[in-house]
Amino acid sequence: MTPPPAVAAVRRDSAPLSLPEKKPVVAPKLESVPLVEVKREERRAPARADRPFKGIALILLSTTFLGVSDVTAKYLSATLPSIEIAWIRFLVFAMIMVPAMVPGSPLYALPTRRVGLLLMRGAALLGSSLFFISGLRYLPIAEASATGFVAPLFVTALSILFLSEKVGVRRWLATGAGLLGVLIILRPGTGAFHVAAFFPIVSALAWAATLIMTRMMSGREHAITIMTYSSIAGVAILSAMVPFVWVTPTWHDIMFGILIGVASTLGQWIVVLAFRYADASVLAPFSYTQLLWVASLGFLVFGEVPDAWTVVGTAFIVGSGLYTAHRERVRRSQLLALEGESSPNA
């Protein structure tokens with residue numbers, strides 16, 4: 001409940017105290033409590049807990065699952081179209097989320113007032129996945145993954161437009177350094193450049209849009225609601241697209257497709273859990289360990305060795321991301337300090 005204004009509180013304190021009339025207690029009618037509101041109360045997000053080491057452990061675990069998902073997607077891209085791989089991934093995702101779609105289930109999470117925004121987020125997540133898988137068909141996995149890690153830089157730019165955040169000169173310089181790292185990896189204008197290199201960049205932009213919409217719903221929607229609508233949007237859109245590119249998969253392809261869906265869903269879920277225990281600025285440095293996983297698995301599975309340009313460009317991208325996370329931590333500390341100074345109870 002919203003606390004009463006200070007003026008009203010003072011007036012009540014200065015007024016003579018009078019005992020209210022006793023009235024018979026009448027049980028409220030069931031119809032007076034909307035079902036949607038009840039469900040919304042049940043789906044309230046768990047309270048945050050300040051346990052950074054647990055958050056770090058979870059984010060490290062998530063990079064393992066996400067790395068396996070990416071490598072498996074590249075492996076399947078040799079035999080199946082990107083749209084079909086993404087369709088299998090989101091189909092498995094939706095099957096995992098079925099308990100949250102069934103009315104009467106303890107996990108039922110569909111009631112919401114933000115259906116449009118949730119479906120838009122799901123479409124953005126689908127775009128990120130689809131473009132990244134498309135790039136994996138033509139690019140070394142370490143190069144595609146490193147380029148995809150420019151998403152935090154896009155978040156910086158998009159937060160100005162959609163969240164009205166103020167970005168200082170130092171964060172813009174960090175963003176510029178990250179984009180320079182992308183140019184070092186892609187080397188446009190040289191024989192090493194491939195037009196498919198744009199796919200991970202578009203994927204990163206779509207992922208940044210996903211994160212912005214997630215921030216817009218932060219504290220208003222439960223994680224299970226957000227994930228459920230993402231799975232619904234992804235399956236619906238891809239089911240309309242997949243008949244035009246359909247290639248009958250073998251049982252071998254289906255098993256690896258299921259692995260992609262399970263690994264990516266677990267990875268995303270663990271990331272959500274990690275953010276319950278630590279801030280993004282604390283977890284961001286450890287999310288880059290996913291690059292180590294994909295580089296190692298890329299070498300073991302495909303024999304790919306990142307060249308010197310990819311390593312140098314990756315260093316620029318990671319460095320800019322770490323500095324952006326540092327500035328975010330400083331900004332949050334300053335805001336908390338200002339709130340403490342302005343609070344009469346501080």
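Colleague: Quick one: is E221 buried or exposed?
Modeller: E221 is buried, as its relative accessible area is 10% (buried is under 20%, exposed over 50%, partly exposed in between, with a 1.4 Å probe and protein chains only). Keep in mind that this is a predicted model, where local features need pLDDT of at least 70, side-chain atom pairs count only at pLDDT 80 or more, and totals for chains, interfaces and linings use all residues. Residues are numbered from 1 along each chain as its sequence is written, and side-chain values use heavy atoms, without hydrogens or water.

Colleague: Thanks! Which residue does E221 form a salt bridge with?
Modeller: That's R114, with the closest N and O atoms 2.8 Å apart (a salt bridge is a Lys or Arg side-chain nitrogen within 4 Å of an Asp or Glu carboxyl oxygen). R114 sits in the loop between α4 and α5, and E221 in the loop between α9 and α10, so parts 107 residues apart in sequence are tied together.

Colleague: And how accessible is R114?
Modeller: R114 counts as partly exposed, because its relative accessibility is 25%.

Colleague: How many salt bridges does the structure hold?
Modeller: Two. K74 also forms one, with E304, and there the closest N and O atoms are 3.6 Å apart. This pair links distant parts of the chain, 230 residues apart: K74 belongs to helix α3, while E304 is in the loop between α13 and α14. Helices are DSSP runs of H or I, at least four residues, numbered from the N terminus.

Colleague: Is K74 buried or exposed?
Modeller: K74 is buried, at 10% relative accessible area.

Colleague: New topic: where is Y75?
Modeller: Y75 is in helix α3, residues 52-76. Y75 is partly exposed, since its relative accessibility is 37%.

How values were computed
Helices (H or I, at least four residues) and strands (E, at least two) are DSSP runs, numbered from the N terminus.
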